[in-house]
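Q: I have a structure to read with you. Can we go through it feature by feature?

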Amino acid sequence: MDRNIDIEKCTLCGLCRMVCPAGLFRPGEAAMQFTEGAARLCIRCGHCIAACPEDAIQIQGLEASQFPPMTGETAGYDQLQNLLLSRRSVRQFEDRPVEKEMIEKILNAVATAPSGSNMGPGQVCVLSGRDKIDPMISSMIEFYRRVYRGMEGMLSRFMYRRMMGKRQFAALKSFKPIADRMFEYYDRTGKDPVTWEAPLLLIFHAPRNAITCREDAIIACTYAMLAAHAQGLGTTMCGVIPPFVQQDRDTRRRLRIPNKNIVVLSLIAGHPKVKFSRGIRRQVEVQWG
Ligand SMILES: Cc1cc2nc3c(=O)[nH]c(=O)nc-3n(C[C@H](O)[C@H](O)[C@H](O)COP(=O)(O)O)c2cc1C
């Protein structure tokens, strides 16, 4: 059976009906019932299971272990604000790995991330240790050198623009001064200007058929960033890595990223060498409606 309401347990309180975003419950005589077509229309958000005080609802594919009880302890606004305020991008790391338990806690946080139509937070490749990350760096630098060389010729510039679309082409063009500095630093020092010698790299990718695949992966990455920061790790989101991984067949194969997936964002993390003494409050332009 795809889904079930235990008539012994259901008290007809109607909470499931209230929270279901798809309106898939109706009251029956002895217990709540699923409406016609519930299996087809359900997005498996699990709100009904999470709300039911009697544990009366089962839906195939949603295990009871996925619904831990609320402990009542949550971060208040001040704690959250302090966490957010103390986060800055970190690009200097101690030369030691990130402990497995810390990585697991990051992934546990990702597992709580919301996603459009509840398609899931996408997928994440975990590269822990420089031996896993280093092999990509020179290919990545070469990739960007090739791209910028290609953008110099008239014909190839035209082709690139068509291939990437106007927006991405313009973004890449504006990134050129930073890329030049990156090449210069790499050539001069032989050091990694892409992942900043971080001991941990997380790459977020998602099936392109998910209507909000990009947004889902960005949210997942944000959750990971905050979970890492909450554990005292330093992090930086890296947008420079996904375009390389996306087009590099060997890397995709090595990381087992399915062809149907789009590589969206990445996060570097490690034990920080620096501690910031001040946070930052940015100007937010607000229009009260
Ligand atoms: C989507 C996104 C992509 C980014 N990509 C990179 C990157 O490729 N390399 C890098 O060093 N920093 C990257 N950053 C970090 C930004 O430069 C940084 O967040 C910004 O300067 C603000 O500083 P803060 O994070 O310390 O507040 C990225 C940030 C975001 C949000």
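A: Start with the ligand. Its surroundings are Arg 88, Ser 89, Arg 91, Thr 236, Met 237, Cys 238, Gly 239, Val 240, Leu 265 and Ile 280. Here a residue is near a molecule if its C-beta atom, placed from the backbone, lies within 6 Å of it. This is a predicted model: local features need pLDDT of at least 70, side-chain atom pairs count only at pLDDT 80 or more, and totals for chains, interfaces and linings use all residues. Residues are numbered from 1 along each chain as its sequence is written.

Q: Which strand gives the most to the shell around the ligand?
A: Strands are DSSP runs of E, at least two residues; helices are runs of H or I, at least four; both are numbered from the N terminus. Strand β7 (residues 234-238) gives the most, with 3 residues.

Q: Is Cys 238 buried or exposed?
A: Buried means 20 or more other C-beta atoms within 10 Å of the residue's own, exposed 12 or fewer, partly exposed in between, with C-beta atoms placed from the backbone. Cys 238 has 21 such neighbours, so it counts as buried. Cys 238 sits in strand β7.

Q: What does Cys 238 contact, leaving aside neighbours within four places in sequence?
A: Contact means C-beta atoms, placed from the backbone, within 7 Å. Cys 238 touches Thr 195, Ser 266, Leu 267 and Ile 268 on that basis.

Q: How many residues of α9 are buried?
A: Of its 14 residues, the number buried is 0, so α9 lies largely in the open. Gly 190 follows α9, with a positive phi near 75 degrees.

Note on methods:
Contact = placed C-beta atoms within 7 Å.
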